[in-house]
Amino acid sequence: MGYVIAMAGKGGTGKTTIAALLVRIMKEKKLGSILAIDADPNSNLGEALGIEVKESLGEILDDIGSHPEKVPVSMSKDRFIEYRVQSAIAEAEGFDLLVMGKPEGPGCYCYVNNVLRGIMTKLINDYDYVVIDNEAGLEHLSRRTTRTADALVLVTDATAVGLRSAKRISDLAHKLDIKIKREVTIINKATGEGSIPQDKEIEKISLKGGSLMDLNEDAVSISTLRQIGEKIWHQN
Ligand SMILES: Nc1ncnc2c1ncn2[C@@H]1O[C@H](COP(=O)(O)OP(=O)(O)OP(=O)(O)O)[C@@H](O)[C@H]1O
Ligand SMILES: [Mg+2]
């Protein structure tokens, strides 16, 4: 019931890549229903997962916030917002995807925002697993989604700066009062325990803007993550 895996780490370390690979592995293992959430406003998790998204939550916020007349007379406003969120969820084989985006409009849309928070909580509990790809840093960690994380996955490179940054993010998460049950640090593009190696196959896919669903199943990154990922998705 809503086991939340949240990605964090500094820019460009591999959060989106590892989030997509996790979704792929968990789907292949048939662990249960999966909702992937792209909580990075410069979103590209959809591309990594090879699925097209129609609308982001930000766009829905903008639309309903600035056009309240769009709420059909036959429906309550809350019900309408819920309906719009449901239809924004992209369905793929073995997982769904929701893109948070960012409202562009000038208003605060407080009402819609509050309703959304409730819908997100409900939605998260509708799935067995929720994988949230966040934007770099943690100051921006989407409060709408990441208030609890069963597993916080800290992605870093092997540099001292990277590792310090992962530690800082972890400290901040606790300060922000995000309830974290487990933390797993992954050193990406590196060798050694807890690491995922630099993978030529990922580079090739990344160059042409392809999906990691097409990554060769024996590729070194995915086979390594299959082994170390147990610590992330295993529920106790
Ligand atoms: N193990 C790997 N081997 C080779 N390339 C990788 C690996 N992991 C990630 N990359 C590449 O590194 C780049 C950054 O990865 P990614 O976009 O996943 O990072 P991110 O942390 O999500 O970045 P951002 O902070 O911008 O959201 C991408 O081009 C990706 O293809
Ligand atoms: Mg990313």
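Helices here are DSSP runs of H or I with at least four residues, strands are DSSP runs of E with at least two, and both are numbered from the N terminus. This is a predicted model, where local features need pLDDT of at least 70, side-chain atom pairs count only at pLDDT 80 or more, and totals for chains, interfaces and linings use all residues. Residues are numbered from 1 along each chain as its sequence is written, chains are lettered from A and ligands numbered from 1 in the order in which they are written, and side-chain values use heavy atoms, with hydrogens and water left out.

**View 1. Asp-63 sits in helix H3, which covers residues 57-66.** Asp-63 counts as buried because its relative accessibility is 15%; buried means under 20% relative accessible area, exposed means over 50%, and partly exposed is in between (1.4 Å probe, protein chains only). Setting aside its neighbours within four places in sequence, Asp-63 is in contact with Lys-70 and Arg-84, where contact means heavy atoms within 4.5 Å.

**View 2. The whole chain, for orientation, has nine helices and 10 strands.** Its C-alpha trace spans about 60 × 35 × 35 Å along the principal axes. The radius of gyration is 18 Å, which agrees with the value near 18 Å for a compact globule of 236 residues (taken over C-alpha atoms; the globule rule is 2.2 Å times the number of residues to the power 0.38). Among contacts with a separation of 6 or more, 78% come from residues 24 or more positions apart.

**View 3. The largest nonpolar core is built from 39 residues.** A nonpolar core is a set of buried Ala, Val, Leu, Ile, Met, Phe, Trp, Tyr and Cys residues joined through side-chain atoms within 4.5 Å. Ile-5, Leu-22, Ile-186 and Leu-225 have the most contacts inside this core. Helix H1 (residues 15-28) gives the largest share of it, eight residues. Pick out Ile-186 and, not counting residues up to four places away in sequence, you'll find it touching partners including Ile-18, Val-153, Val-155, Ile-196, Leu-225 and Ile-232. A second, separate core has 26 residues, among them Leu-35, Leu-61, Met-120 and Ile-132. In soluble globular proteins, nonpolar side chains tend to be buried together.

**View 4. Lys-30 and Lys-189 are for anyone who likes backbone angles: Lys-30 has a positive phi of about 55 degrees, and Lys-189 has one of about 60 degrees.** Look for Lys-30 in the loop between H1 and strand E2 (34-39). Lys-30 counts as exposed, because its relative accessibility is 73%. Lys-189 is in the loop between strand E9 (183-188) and strand E10 (195-196). With a relative accessible area of 48%, Lys-189 is partly exposed.

**View 5. Lys-181 is in the loop between strand E8 (179-180) and E9.** Its relative accessibility is 69%, so Lys-181 counts as exposed. Leaving out neighbours within four places in sequence, Lys-181 is in contact with Ala-149 and Asp-150. From Lys-181 to Met-100 is 81 residues in sequence and 24 Å in space, C-alpha to C-alpha.
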